[in-house]
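Subject: Handing over the two-chain structure

Dear colleague,

I am passing this structure on to you, and I would be grateful if you could look through it before reading my notes.

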Amino acid sequence: MSRDANQAVATPEGNPDPQPVSIRRNPLTTAVILAATFVVWTFLVFPAVWIFVGSFKTNETMFSATAFTFTLENYATIFRVGFGRFIFNSLFICLVAVVISTFVSVIASYVFSRKRFRRKRLLFGAVILGQLFPWIILVTPLFIMFARIGLLNSHAGMIFSYVAISIPFSVYLLVGYLETVPRELDEAAVMDGCSQFRIIWTIIFPVMLPGIVATATYAFLLMWTEFLFALAFLTRTSLKTMPLGLAQFFGEQSIDWGAIMAASAVTTLPALVLFLPLQTKLSAGLTAGSVKG
Amino acid sequence: MLAPIFFFLAFFYGYPTLSNLYNSFTDLSLLGLKRGGEFIGLRNYVELLSSRDFYRVFWNTLFWLTAVSVVLRLVLGLALALLLNSMTLRRWRLATVSRLLLLVPWATPPIVAVVVWRWLLDGRQGFVNGALQGLGLIDRPIAFLANVDVVWPSIVTIIVWNTLPLVTLTFLAGLQSVPPELEEAAEMDGAGAVQRFFHVTLPHLMPTVVVMALLLVFWTFNNFVYVWLATGAGPGLFTNVLATEIYIKGFIDFELGYSSSVGMVMAALMAVLGLVYFRFVALREFREIL
């Protein structure tokens, strides 16, 4: 993510001052602008709202704009066919992967930010370019590698993959965050002869906590909705994650829209709850990789 | 201390890329993984480059999936940013709520975005068909995701809906960083709104636009999820793109060797783009943060 774009994404929340540019009160222009705004609002919000509305509708009224019969049957259905298992799998894989990826990324970001060593920019560049690496190219060779070492159809394989996809932007974000932490803080500790890990744990970690939480949240969201690797590496139903479980409702013959909407709602809700607070203090580069898949 | 991350990076990005390069010169099959593949030289690449299907897939990826959706998002993103930044919206106190609503599609996971749009675009009773029929614009329902005339615009719509907010917010912030004095000065000189936009605002925004365009190309060109979940590369293989081609060839036709060669073509293209990004964007940035 470029500096320009980063700041760009970071500022809209914090700059409410209206600029005193040409105030002309042409009623026609105003009407056009307001109309356009409402069209845009509808386009943006309508589909997402329907996930939640649809999840409480019976399949008979699913496609009706007006008829609405409230039901919890869709939620009952998805849990009856084992969606709870997918939720558990997703939670387990994502939480373990987030902890590992955050842990190794914090250490690496400290090294990149505070140490001087040869080929530092090259190594950092290699890490960052991982953000732009096309995942689809990795699917085939990773599948072969996993097949040979027995990581197919295993949560360990998924955790490994999810740690690897979140390291590049985690390191990038954390290095950016560390730049805002005064160096005097940890340099003093170096003078006092503290060990590296002690410095990271007792000095860096506490002051970096907001940055770490934001980075970990972002990593979690990325993993939570990841589809491609899960599709390729998990074929046993008992191991599948939520996105796969969701896609499974598209049957060959019939589509149970009620179940799909309920499963979509369950998938989206944590994303909304985590994403909105994160976005309000979105800092450098949190957008990188957000639309990958 | 860097060993842990490079362990993950080496075994996730490094080794697989190299092994993919080797596999692309073999006839490795999904059914003969243990046995391994025979070395067949450039035969996969010859087959690929002499296949008319491949050029169609390539065109789909380049034009429909990437070019159309990226240009559309840049233009709409800019228009929307201008709208959100307009004095009218501020005067009516709608700017903040607009920005908030903008977050909704962005927070929707791509897989869910595709799902809900499949429902909206359903070929028999979907909402979009209902609305168009109600307005008297069409007589019979359109199978948006199965009709070759409209399937690509439909997929692009899904992508735009899901990712436009990111582009818009980026541009909006760019707009707010335009020094007001510049605009005022231009206005004093008698520049109209259109002239001000093209001579003051747009030039100021250009670096942001270029970087955004580059990132969107990266994210979209390689994307698997939108096409795969919306149409499964269909009807037939009409909307097949490079990413779905890799998956279909490898995991449905079992031709891992051939699939790897498609991957290498893609990797080569991305490497060129990556160099551009590295040279013009990333390097400048490293100087600031390292």
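Predicted model: local features only at pLDDT ≥ 70, side-chain atom pairs only at ≥ 80, totals over all residues.

Residues are numbered from 1 along each chain as its sequence is written, chains are lettered from A and ligands numbered from 1 in the order in which they are written, and side-chain values use heavy atoms, with hydrogens and water left out.

Chain A has 12 helices and zero strands, where helices (H or I, at least four residues) and strands (E, at least two) are DSSP runs numbered from the N terminus. Of its 293 residues, 57% count as buried, buried meaning under 20% relative accessible area, exposed over 50%, and partly exposed in between, with a 1.4 Å probe and protein chains only. Among contacts in chain A with a separation of 6 or more, 75% come from residues 24 or more positions apart, a contact being heavy atoms within 4.5 Å.

Helix H7 of chain A (residues 155–178) has 24 residues and reaches 32 Å from its first C-alpha to its last, close to the 34 Å expected at 1.5 Å a residue; the expected span is 1.5 Å times one less than the number of residues. A kink of about 40° lies in H7(A) at A:Ile167, shortly before the proline A:Pro168, the bend being the angle between axes fitted to the seven residues ending there and the seven starting there. Because 21 of its 24 residues are buried, H7(A) is largely enclosed by the rest of the structure.

A:Thr140, in helix H6 (residues 135–149) of chain A, is buried, with a relative accessible area of 1%. Leaving aside neighbours within four places in sequence, A:Thr140 is in contact with residues of chain B, including B:Asn20, B:Ile246 and B:Phe251.

Side chains of opposite charge can pair when their charged atoms come close.

In chain B, B:Glu245 forms a salt bridge with B:Lys249, the closest N and O atoms being 3.7 Å apart, and both residues lie in helix H12 (residues 242–252) of chain B, four residues apart, about one turn of the helix. B:Glu245, B:Lys249 and B:Asp253 are linked in a network of salt bridges.

Also in chain B, the axes of helix H9 (residues 180–188) and helix H10 (residues 193–221) come within 10 Å and cross at roughly 145°; axes are lines fitted to C-alpha atoms, for helices over the stretch in contact, and angles run from 0 to 180 degrees between N-to-C directions. B:Glu187 of H9(B) and B:Arg196 of H10(B) are among the residues that make the contact, and their side chains meet in a salt bridge (4.0 Å, N to O). B:Glu187 is partly exposed, at 24% relative accessible area, whereas B:Arg196 is buried, at 7%.

With kind regards
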